[in-house]
Amino acid sequence: MITRDARTYLKDQLKTGIGYKVGSGGDTTNPNATDLDDPIDTSYQTTLTVNESGESALDYNITIYGSNYLGHTIKEIGIYITASNTLICRVNYDGIGPLTSTDEVQFIITLEVD
């Protein structure tokens, strides 16, 4: 069992140096994945907000603007530690899109260290 102090430490490590990518892949999530199935982004996006949502949980708040992804259908999003190119979580879902220039989609991804 992981200790309370270890949970806090790990959670704190996942607050900074974080980025995300969006993609159009739709396969199920695999714990051995190192990247999205079909990334649309070629580099990490770092315009996200990280908030603590509990003793061992973080919320990653991400807003996707259609003007950045014109014509794309978004089916997956991944959170990364950018310095080490480490995928820490991937969420896939029913597609959103194709996006238009006026679309704005907000994601809140909760990650709990347990």
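The chain has one helix and six strands (DSSP runs, H or I of at least four residues for helices and E of at least two for strands, numbered from the N terminus). Read along the sequence, that gives the pattern α-β-β-β-β-β-β. The model is predicted, so local features need a pLDDT of at least 70 and side-chain atom pairs count only at pLDDT 80 or more, while totals for chains, interfaces and linings use all residues. Residues are numbered from 1 along each chain as its sequence is written, and side-chain values use heavy atoms, with hydrogens and water left out.

On overall dimensions, the C-alpha trace spans about 45 × 25 × 25 Å along its principal axes. Of the 114 residues, 34% count as buried; here buried means under 20% relative accessible area, exposed over 50%, and partly exposed in between, with a 1.4 Å probe and protein chains only. As for contacts (heavy atoms within 4.5 Å), 67% of those between residues at least 6 apart in sequence join residues at least 24 apart.

Now to the inside of the fold. In soluble globular proteins, nonpolar side chains tend to be buried together. The largest nonpolar core holds 21 residues, and Y20, V22, Y60, I62, I64 and I79 touch the most other members (such a core is a set of buried Ala, Val, Leu, Ile, Met, Phe, Trp, Tyr and Cys residues joined through side-chain atoms within 4.5 Å). Strands β1 (18-23), β3 (57-65), β4 and β6 are the elements that give two or more residues to this core.

Charged groups come next. Side chains of opposite charge can pair when their charged atoms come close. There are seven salt bridges in the structure, each a side-chain nitrogen of Lys or Arg within 4 Å of a carboxyl oxygen of Asp or Glu. One of them pairs R4 with E55, with 2.7 Å between the closest N and O atoms. R4 sits in helix α1 and E55 in the loop between β2 (48-54) and β3, so this pair ties together parts that are 51 residues apart in sequence. R4 is exposed at 56% relative accessible area, whereas E55 is partly exposed at 46%.

K21 and D35 form another salt bridge, their closest N and O atoms being 3.8 Å apart. This pair also links distant parts of the chain, K21 being in strand β1 and D35 in the loop between β1 and β2, 14 residues apart. K21 counts as buried at 9% relative accessibility, and D35 is partly exposed at 27%. A strand-to-strand case is R90 with E76, whose side chains meet at 2.7 Å, N to O; R90 belongs to strand β5 and E76 to strand β4, 14 residues apart. R90 counts as buried at 8% relative accessibility, and E76 is buried at 0%. Beyond these pairs, salt bridges that share partners join K11, D12, K15 and E52 into one network.

A polar atom of the K11 side chain lies 3.5 Å from the backbone oxygen of G54. Not counting residues up to four places away in sequence, K11 touches E52, G54, E55, S56, A57, L58 and V113.

Finally, the backbone. Most residues other than glycine have a negative phi, and most peptide bonds are trans. The peptide bond from G97 to P98, though, is cis, with omega near 5°, and P98 is placed in the loop between β5 (86-96) and β6 (104-112). N85, a residue other than glycine, has a positive phi near 55°. N85 lies in the loop between β4 (74-81) and β5 and counts as partly exposed, at 46% relative accessibility.

Methods: A polar contact is a pair of N or O atoms within 3.5 Å; within protein, one must be able to donate a hydrogen and the other to accept it, and residues adjacent in sequence count only if both atoms are side-chain atoms.
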